[in-house]
Amino acid sequence: MKKLIFAVSALFLTASLVFAQGNDQSLIEPNADTVGNDSAASALREVSLDKMERDGSWNIHISPDAGVATLRLFEGSPAAKVPLEGEEEQEDVMALGCKIQFFRRGVNSIYITAVRPIPIEGITKTVSVWVAGRNMNHDIYLLVQDYYGSNFELYLGNLGFSGWKRLQVAVPPSPDMEHGIVQSSPYHGDRPGLRIVGFRIDCNPMLARGTYYVYFDDLRAVTDLYDMENRDEDDMVDNW
């Protein structure tokens, strides 16, 4: 019985090797009908979303029982920041400063939100922002809305560092275009799939006292613009 099983296994292995060798020819002479069927075409671009240069474009909020929060623009920018291609350093000379005066220790959250959600064209892969966290052990989250207007939060990191640091988070893809963060749909026209709502800082209860400062600059995203860049000029836009 063992010999029979061994003979069948050897026959199956030989057939598999012959089949694989036959398929190896496709690597030398690829078939145009099959190449790329299992590869996603992409055109990744890093784009600027907000340089934190405009007064009145951001709001800040904390529970009135927890403290008072204010914000303003300051001259300054991270020295390690590299301008995007075609940009000049003189174009980004301001940063957004936030000041929080706590009444008492407690479980508090600070919301820094854009006056209008910031749309991102294409399919967003990552979002980054420069933050000066003043070495406080608070956690910061990115607040986003997806294609359907559903709200999500993505963990950016901990603010326990000194000076400026670039925080970045990846946007997880939807597994079935129905659940998770959905950024596109063939059933609902043509509009940006992801919008940046702002940030939420969850404060460490033991450190949420006195006055806390945090600064933001240069909000960017890496997005896939393949569909937009390869759209035919004579193709209609599904937004009517």
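**View 1. Thr 113 has Gly 198 as its bridge partner in strand β10.** The model shown is predicted, so local features are described at a pLDDT of at least 70 and side-chain atom pairs count only at pLDDT 80 or more, whereas totals for chains, interfaces and linings use all residues. Residues are numbered from 1 along each chain as its sequence is written, and side-chain values use heavy atoms, with hydrogens and water left out. Strand β5 (residues 109–120) runs antiparallel to strand β10 (residues 194–202), and eight bridges join the two; strands are DSSP runs of E with at least two residues, helices are runs of H or I with at least four, and both are numbered from the N terminus. Two strands are said to pair if DSSP finds at least two bridges between them. Another bridge in this view links Ile 110 to its partner Ile 201 in β10.

**View 2. An open sheet is formed by five strands in the order β2-β5-β10-β7-β8, with antiparallel pairing.** Its edge strands, each of which pairs on one side only, are β2 (58–61) and β8 (151–158). From one strand to the next, the twist averages 20 degrees, where axes are lines fitted to C-alpha atoms (for helices, over the stretch in contact) and angles run from 0 to 180 degrees between N-to-C directions. Eight of the nine residues of β10 are buried, so this strand is largely enclosed by the rest of the structure; buried means under 20% relative accessible area, exposed over 50%, and partly exposed in between, with a 1.4 Å probe and protein chains only. Strand β7 (residues 139–145) is also mostly covered, with six of its seven residues buried.

**View 3. Strand β7 pairs with β8 in the antiparallel sense over seven bridges, and with β10, also antiparallel, over seven bridges.** On the β10 side, Leu 142 of the model stands opposite Phe 199.

**View 4. The rings of Trp 58 and Phe 199 have their centres 5.9 Å apart and their planes at 20 degrees, so the pair is stacked.** Rings of Phe, Tyr and Trp (its six-membered ring) pair if their centres lie within 6.5 Å, and planes under 30 degrees apart count as stacked, over 60 as edge-to-face and the rest as tilted. Trp 58 belongs to strand β2 and Phe 199 to strand β10, so the pair ties together parts that are 141 residues apart in sequence. The structure holds five aromatic pairs.

**View 5. The charged ends of two arginines sit over aromatic rings: Arg 72 over Phe 74, 4.0 Å from the ring centre, and Arg 200 over Tyr 141, 4.7 Å from the ring centre.** A charge sits over a ring if NZ of Lys or CZ of Arg is within 6 Å of the ring centre and within 35 degrees of the ring normal.

**View 6. Ile 110, Phe 216 and Leu 219 touch the most other members among the 42 residues of the largest nonpolar core.** Such a core is a set of buried Ala, Val, Leu, Ile, Met, Phe, Trp, Tyr and Cys residues joined through side-chain atoms within 4.5 Å. Not counting residues up to four places away in sequence, Ile 110 touches a set of residues including Ile 60, Ile 62, Ile 100, Phe 102, Phe 199 and Tyr 212, where contact means heavy atoms within 4.5 Å.

**View 7. Thr 70 is found in strand β3 (residues 67–75) and, at 39% relative accessibility, counts as partly exposed.** With neighbours within four places in sequence left aside, Thr 70 is in contact with Ile 60, Gly 97, Cys 98 and Lys 99. The C-alpha atoms of Thr 70 and Gly 97 are separated by 8.5 Å, although these residues are 27 residues apart along the chain. For the chain as a whole, residues 24 or more positions apart account for 79% of the contacts with a separation of 6 or more.
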